[in-house]
Amino acid sequence: MRAHVTALGGAVGLSVLAYLLLTGLSGDQGQVALLVVVWTIALIGLNLIQGLGGYPNLAHAAFFGGGAYLSAVLLDTGLPMTVAALLAVAGVMAAGLVVALVFSRTRGQYFAIGTMFFTAVATLVFTNAADLTGGPNGRPVALGYSLEATVVLLAASVGVGLALFHWASVSRFGDRLRAIRADEDLAQHVGVPTSRVKLLAMVCSAGAAAWAGVLFGQYNGVVAPSQFTFGQSFLMFVALGLGGAGRLLGPAVGAAVVIGLTQLLTLGPGVSQIVLGVLFILVTLLAPEGVLGGVSALARRVRAARTGRADRSVRGEGAVA
Amino acid sequence: MSQVLVNGVFLGCLFAVVAVGLTLVYGVMEVPNFAHAGVIVLSAYTTWSASAAGLPFALAALAGIACGALVSVLTEVLAYRWIIDRPAAAPAVALGLMLILQNVALRLYGGEGRSLDTPYDRVLLRLGGVSLSGVKAALVVLAVVSLLALHLLLSRTSLGRAMRAVAQDREAAAILGIPMRRQYALAFLIAGVLGGVAAIAYAPTFQVSPYMADEVLLSAFVVVVLGGLGSVWGAVAGGLVLGVVEGLGSAYLSPAYQSAFGFLLLVSILVLRPGGLRSTNARRVA
């Protein structure tokens with residue numbers, strides 16, 4: 001019970017924080033806040049398939065861009081914004097289903113390669129289908145929601161997304177995904193419907209990315225292929241790993257670290273990404289469960305030292321934090 | 001038609017050289033070496049800056065290959081070696097290394113493309129109705145020579161036998177007293193040399209830039225899946241198949257979507273033959 005209260009409190013708190021950041025900051029800082037919030041929403045989805053399920057999904061930027069482009073194209077046909085947004089999310093979820101159907105035959109590294117290739121092809125389409133997507137320079141997005149409504153939706157999506165993720169994570173669905181991550185053959189053997197669970201996780205993950213893309217398009221007013229390359233997919237993968245894959249707040253921490261490093265540090269071209277690469281490798285080697293995992297392991301050790309015994313029951317709390 | 005096929009074979013040789021480097025590393029260490037793109041980029045830049053400094057092209061090319069080998073071995077010693085017991089962390093480390101290497105190139109040489117000049121730039125071979133530029137012919141020759149050399153190394157020397165043993169069964173190889181660390185470093189060394197060869201051979205046909213190897217690397221990974229894991233000849237055959245498919249697709253359908261045809265091939269292989277075209281029984285692909 002306490003775990004639920006903490007999780008929901010965290011979700012509401014982050015929602016409020018997102019709203020304050022989006023309304024309080026302007027200019028370049030506002031852009032950074034927008035990216036952090038949008039990435040948090042997208043990464044909450046990625047946290048299902050990659051965090052809980054352990055599948056390295058590099059198609060996330062394609063789903064993200066798909067939502068942004070599809071909603072922009074649908075808005076141009078005169079549909080009301082909400083319908084366009086829902087159709088865009090549904091369309092991307094259908095694409096996610098196809099990707100999952102094809103690539104859930106592959107495991108681990110092959111899944112990464114296949115989904116990376118999917119993103120590369122999606123970027124090719126964004127760049128070359130110029131009559132719909134505006135070509136390499138991108139296209140404007142018509143204003144469907146007012147700016148205030150977009151900000152409220154962004155902030156609310158963070159909270160709702162985190163609450164939904166927490167619910168999924170403690171449900172049987174979350175347990176099944178964790179079983180797949182631990183040992184897929186064994187999971188299948190003891191009766192987990194692995195392919196169905198993977199499909200569902202992938203489709204939900206694509207939906208969250210698409211919704212983040214829709215809101216990104218609305219707030220940003222313009223979308224371009226360079227925002228949705230497989231380099232972006234890498235960075236999303238890196239962000240989730242840095243924050244703490246499978247942890248409730250991993251997406252928020254990861255988005256803040258990655259966006260903060262790439263957007264705020266002006267060390268010249270490339271340097272922030274080198275720092276990011278080194279940081280990511282170090283975290284992978286030293287704290288395989290990400291920054292949050294490292295922090296909670298440290299806290300556990302401090303607490304154990306204070307009480308004088310290794311308290312194993314705190315592990316349950318650690319998984320939520 | 002035959003012109004299209006020749007172009008496809010050119011692409012195929014390029015893919016094969018890169019893919020053999022990937023498949024060797026995967027075979028002995030089970031690492032999807034995304035950082036290979038960074039190795040290729042750095043050796044291309046080394047060649048470019050050496051020849052811009054006035055070195056003759058052959059020496060500059062050797063410097064590039066040496067740089068590729070060095071960087072590749074460094075990635076193994078500094079990063080991959082530490083996750084040998086945790087294969088799940090391999091994609092993460094590989095992506096981190098790729099970020100580092102590409103952005104080191106960006107930092108050192110800037111983002112704009114450079115063109116690499118070779119002594120055989122202006123040569124144009126003609127045979128019947130087919131023409132092949134000297135640069136592309138050189139790539140085909142280099143690819144064939146280096147793959148033959150690799151074949152001889154793997155089949156005729158004790159080092160090669162040890163490497164094949166490691167690829168087949170790591171634990172058994174270790175029990176039989178094969179020095180594992182040397183084999184890991186050797187696999188990365190060979191992959192780095194092949195990456196350097198690919199870089200100097202194809203940089204003149206495109207341009208030298210930090211992102212020059214991205215699409216080639218994607219295609220090479222498709223080749224690795226096509227050819228089955230850890231199989232060198234599978235990678236060669238897969239490379240040629242993929243090269244011809246991409247060549248045909250870009251000639252008759254749309255050049256802008258060249259690598260998308262490789263993706264379609266990958267999807268159809270995964271749906272129809274999940275084990276790859278020429279699957280090895282050593283490891284499970286899917």
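Where in chain B does UniProt place the feature "transmembrane region"?

This is a predicted model: local features need pLDDT of at least 70, side-chain atom pairs count only at pLDDT 80 or more, and totals for chains, interfaces and linings use all residues. Residues are numbered from 1 along each chain as its sequence is written, while chains are lettered from A and ligands numbered from 1 in the order in which they are written.

**Exercise 1. Locate the annotated segments and check two of them.**

Step 1. The unreviewed UniProt entry lists residues 6-27, 57-80, 92-110, 130-154, 184-204, 216-245 and 252-272 of chain B. Such annotations may be inferred rather than shown by experiment.
Step 2. Residues 6-27 of chain B are 100% helix and 0% strand, with end C-alpha atoms 30 Å apart.
Step 3. Residues 57-80 of chain B are 92% helix and 0% strand; here the end C-alpha atoms are 33 Å apart.

**Exercise 2. Describe the side of chain B that touches chain A.**

Step 1. Count contacts (C-beta atoms, placed from the backbone, within 7 Å). 36 residues of chain B meet 35 of chain A.
Step 2. Assign helices (DSSP runs of H or I, at least four residues; strands are E, at least two). α4 (90-109), α9 (214-227) and α11 (258-272) of chain B each supply at least two residues. The largest share, 13 residues, comes from α4(B).
Step 3. Sort by type: 31 nonpolar, four polar and one charged. Nonpolar covers Ala, Val, Leu, Ile, Met, Phe, Trp, Tyr, Cys and Pro; charged covers Asp, Glu, Lys and Arg; the others, Gly among them, are polar.

Technical notes
Two residues are in contact if their C-beta atoms, placed from the backbone, lie within 7 Å.
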